[in-house]
Amino acid sequence: MTTPPVDIPDADRRAPLPALASIAAVAGFQLARLLTPPRLALAAIGIVFPTAVLAAAVNGIGTSIEPRLGIPMLYLLIPEMVCMLGLLVTMSPLVADELERGTWVHVAVRPGGRRGLLLGTWLAAVIWSGAVALAALALAILSDCIEGGARVAGTFAVLILLSCMGRAALFALPAVIVPKRALVASVGVALVIEYLAGLIPAVVNQFTVSLRLRTLLVAWTGLRRDIPAEFQLLVDINRPWYQVSAVLVLTAVFLAIAWAILEWRQFPPSDES
Amino acid sequence: MIEVDRLVKHYRASSGAVVRAVDGVSFHVAPGEMVGLLGANGAGKTTTLRVLATLLRPTSGSARVAGCDVAIDPVGARRRLGYVSATTGVPDRLSAREILRSFGELHGLPADVLEARVETLVDVLDLSAFADRPAGRLSSGQRQRVSVGRALVHDPPAIVLDEPTSALDVIGSRDLLALLADLRARGHAILLSTHRLHEIEARCDRFVVIHGGRVVAEGSRDALVGDAAGLEEAFFAAVGEARGG
């Protein structure tokens, strides 16, 4: 014999957007966790490093870097390197941190717990890594190392945002599939999927964020005409709106898969150590 | 309120062998009742509680929380369950108030309900002296009180506690058990696992003893103790019989 579900008057009165509230709550406490001296020091290095590299190049050649060289350098340093490293340290511990800290059980027993944990951590990773990358961009432009660098500030801000959104969602997959090896697996994913598969001119690179970002970079900065014919295959032929949409779709798909895996996964008590 | 019926949970160990952590456990906890779940380490207590908390899926059998089957309606079960574990797992950088608020938001509680609930818990759990201090600076007893508050933030009708007093001193344990007695009096169903039998001997309405994933004894204190000197001796007798058999 079974009884019907018990009414819970308070909890049955739901907030207008409970999913958003739970995501914001998790993002808030993940960001609070990031405000530690070691993480802030790492962020400071991330902000200064691109400008230091550009300044060293300027010092070497004795003049500002011309856009044809400076823009790709800036792209490799910020939307690729700074964003990737920031996301690796913020997104990879998605589940492992919770298991190690003993918080996983307390989050997972909430109605919106696992979804909130995934999306809240993703949001925190995007905000943290995006803020570091935008600060690095501002410093690089203010340093005046690249001729006309200020003209590409808006383009780079969008590339940073898309890079953070897409790659944070991508790194959510190793984080939920192999939580205890997530950092190593995420580095592998970055190298094999984003940089190896992303540079293969075949169907497989259509599923990478790097192809979309490269394509947007050359389209929005006018570098497409400067690319040698043999390298034209490394960028997509479709228009910028298509590339932006592709990153958004990839982000949604990666997060949906990660969510499904996270809802399905069970962690025996022995995993919490 | 809490119903466990022929529950089975098997794991596959890293060696490939199947571990029968829970093997046909049945019991129930009625509203306004506090039941002690007793067993040695590895008996299957934590696995049973984690199935009830929807953290693990049953291999077979069923578990229901306030009318919601954990396998069919896990979200409904989560909304009606408060879960406290031995590891408090409170975020070091957040204060008690922030923790209660954040976890209330994970339940989707409206802002007005949540604020009132947080203040009630701060008052009931006597957190006011340290409610705005980062949890990393709290004692283990204070952290456990915050952990209990986090489990009660949505006022669940069913409460499951896995060794909640293991990190507490005598006073902390007594206060927590007094709070549980109060919750029981207000109609909550409480299932409590512990190794500290003397603490709960006089407080629980009934006891369920499990060993090797099976229920080996069940009943009120008087029914279990019989001619034995106390609950601890009765527990050893029940487990000893199971081991011998």
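**Entry 1: a left-handed crossing.** I looked up how α8(A) and α11(A) cross, and the crossing is left-handed. (Left-handed means the near helix is turned anticlockwise from the far one by less than a right angle; right-handed means clockwise.) This is a predicted model: local features need pLDDT of at least 70, side-chain atom pairs count only at pLDDT 80 or more, and totals for chains, interfaces and linings use all residues. Residues are numbered from 1 along each chain as its sequence is written, chains are lettered from A and ligands numbered from 1 in the order written, and side-chain values use heavy atoms, without hydrogens and water.

Helix α8 of chain A covers residues 153–177, and helix α11 of chain A covers residues 240–264. They pack at an angle of about 20°, with axes 8 Å apart. That makes α8(A) roughly parallel to α11(A). (Under 35 degrees counts as roughly parallel, over 145 as roughly antiparallel; axes are lines fitted to C-alpha atoms over the stretch in contact, and angles run from 0 to 180 degrees between N-to-C directions.)

Which residues of α8(A) meet α11(A)? Among them are A:Leu162, A:Gly166 and A:Leu173. On the α11(A) side I noted A:Val244, A:Thr251 and A:Phe254, among others. (Contact means heavy atoms within 4.5 Å.) This contact has 17 nonpolar, 2 polar and no charged residues. (Ala, Val, Leu, Ile, Met, Phe, Trp, Tyr, Cys and Pro count as nonpolar; Asp, Glu, Lys and Arg as charged; the others, Gly among them, as polar.)

**Entry 2: another pair.** Next I checked α4(A) and α9(A). They pack at an angle of about 150°, with their axes 10 Å apart. That makes α4(A) roughly antiparallel to α9(A). Their crossing is right-handed. A:Glu80, A:Met84 and A:Leu88 in α4(A) meet residues of α9(A) including A:Leu183 and A:Tyr195.

**Entry 3: the whole chain.** I found 11 helices and 0 strands in chain A. (Helices are DSSP runs of H or I, at least four residues; strands are runs of E, at least two.) The C-alpha trace spans about 80 × 40 × 35 Å along its principal axes.

**Entry 4: the largest pocket.** Its volume is about 450 Å³. (A pocket is an open set of points on a 1 Å grid where a 1.4 Å probe fits, with protein on both sides within 12 Å along at least five of seven lines; lining residues have an atom within 4 Å of a point. Volume is the space filled by probe spheres set on the points, which are joined across faces, edges and corners.) Of the 18 lining residues, those closest to the centre are A:Pro72, A:Arg214, A:Leu217, A:Val218 and A:Ile227. Helix α4(A) gives the most to the lining, with 5 residues. The lining divides into 13 nonpolar, 1 polar and 4 charged.

Definitions and conventions: Parallel < 35°, antiparallel > 145°, perpendicular 65-115°, else oblique.
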